Structures are given as structure tokens and as C-alpha cells.
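Please walk me through how this protein chain is put together. Take the sheet, the helices and the packing between them in turn.

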Amino acid sequence: VPNSKGYAILVDTTSFTSTENEDGITIITAKENEKVKMTITPLNDVSYDNLCLDTLAFYGEMGESSALEIGSKNSAYRSQTGDKADDIITTVYCVDNGKGGSIEIRYETPVSAKDYSEDFETMLSMFTVK
């Protein structure tokens, strides 16, 4: 069966579990903290521009330097619910799939577990659009 999700990512299986459903949605969860989670959702019917506009309505833009080094047009957004240990930092990348659609990459980490952000960014450095 050919890969129809339109992306590939290398998951650090020593620290994370990964599941994928029939819609091509990948969920990566930290083995030691289930609140640390990344969801990658292919949106073949949503243009990159529309995904960015929808995302910007809920999150603040992170700036040019925050884009992924993946060769596809992408932009980054972030929000934080507060400063307590169990408040959640959410980072969202909008990625152009090069076929008129887009891919949403969203990861959430509690404030107390922000070191996981580095792990997610390392995995995302190997993210590719197919």
C-alpha cells in the first residue's frame, strides 16, 4: 500500500510512542508524560494560506526564524495557557504539502516539561514532505 499521508518523520522510539490512523494522522506521545504530545495532520483539502489564517486566529506568530528547515513553505505559531507547571505550551507549524493542501504539526508540552520541545524540534528537523 503506497504512503498517502504525504509526509515522513523519524520518531525517537526510545522516549516516544507513535500511532497512525487510516487518515494519515500521526500522534507521537512521550512514554513518561502522556501530556507531551505531537499530532501531525495532513489536510489535503485545506490550502496552506487558509491553514495559516485559521491558525493565526488562535495562536501568536513566532517569526521567520522559527520556520522548519524542511524545504517546503511553512510557518510557526505558539500559545501558552499560563505559567503554572501544568499549563500547556502549544506550538503549531503550518506546512505547504506542495499539492494545494497542507499539513498541520501541533505539539503540546506542559510548562514543567518544556525540555520535550527540544526533542520534538529534533524529530521535526528530519520531517519531510513527500
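Helices and strands are here runs assigned by DSSP, at least four residues long for a helix and at least two for a strand, and they are numbered from the N terminus. The model is a predicted one. Its mean pLDDT over the protein chain is 93, and 98% of the residues reach 70 or more. Among the elements, strand β5 (residues 60–61) has the lowest mean pLDDT, 86, while β3 has the highest, 98.

Begin with the sheet. It is open and consists of seven strands in the order β2-β3-β4-β8-β7-β6-β5, with antiparallel pairing. Each of the strands β2 and β5 has a single partner because they stand at the edges, so one side of each has no neighbour in the sheet. In general, strands of a sheet pair through backbone hydrogen bonds, in either a parallel or an antiparallel way.

Some of these pairings can be followed residue by residue. β3 and β4 run antiparallel and are joined by five bridges; the two strands form a hairpin, with two residues between them. In this pair, I27 stands opposite T39 in β4. On the next step along the sheet, seven bridges join β4 to β8, again antiparallel, and M38 stands opposite Y107 in β8.

Helix α1 (residues 48–56) lies across β4, β5, β6, β7 and β8, and runs at about 165 degrees to β7. Helix α2 packs on the sheet as well, touching β2, β3, β4, β7 and β8, and its direction makes about 160 degrees with that of β8.

Which residues of helix α2 are buried? In this helix, which spans residues 116–124, they are Y116, S117, F120, M123 and L124. These residues lie on the same side of α2, because they cover an arc of only 125 degrees around the axis. They pack against β2 (16–20), β3 (26–30), β4 (33–43), β7 (88–96) and β8 (102–110).

In soluble globular proteins, nonpolar side chains tend to be buried together. The largest nonpolar core in this model has 23 residues, and I105 and F127 have the most contacts inside it. The elements that give two or more residues to this core are β3, β4, β7, β8 and α2. Of these, α2 gives the most, with four residues. Apart from this core lies another, of seven residues, including Y48, L51, Y77 and C94.

Two residues show how parts of the chain meet. Leaving aside neighbours within four places in sequence, F127 is in contact with Y7, A8, I9, I40, I70, V95, I103 and I105. The other residue, I28, lies in strand β3. Is I28 buried or exposed? Its relative accessible area is 0%, so I28 is buried, the cut-off for that being under 20%. Not counting residues up to four places away in sequence, I28 touches I9, V11, F16, T17, S18, V36, K37, M38, I40, F120 and M123. Among these, F120 and M123 are also buried residues of helix α2. As for distance, I28 and S15 are 13 residues apart in sequence and 10.0 Å apart in space, C-alpha to C-alpha.

How values were computed:
Residues numbered from 1 in each chain as written. Predicted model: local features only at pLDDT ≥ 70, side-chain atom pairs only at ≥ 80, totals over all residues. Heavy atoms only, no water. Buried < 20%, exposed > 50% of the residue type's maximum accessible area, 1.4 Å probe, protein only. Arc of directions from axis to C-beta. Contact = heavy atoms within 4.5 Å. pLDDT = per-residue confidence, 0-100. Core = buried A, V, L, I, M, F, W, Y, C linked by side-chain atoms within 4.5 Å. Pairing = 2+ DSSP bridges. Axes fitted to C-alpha atoms, helices over the stretch in contact; angles between N-to-C directions.
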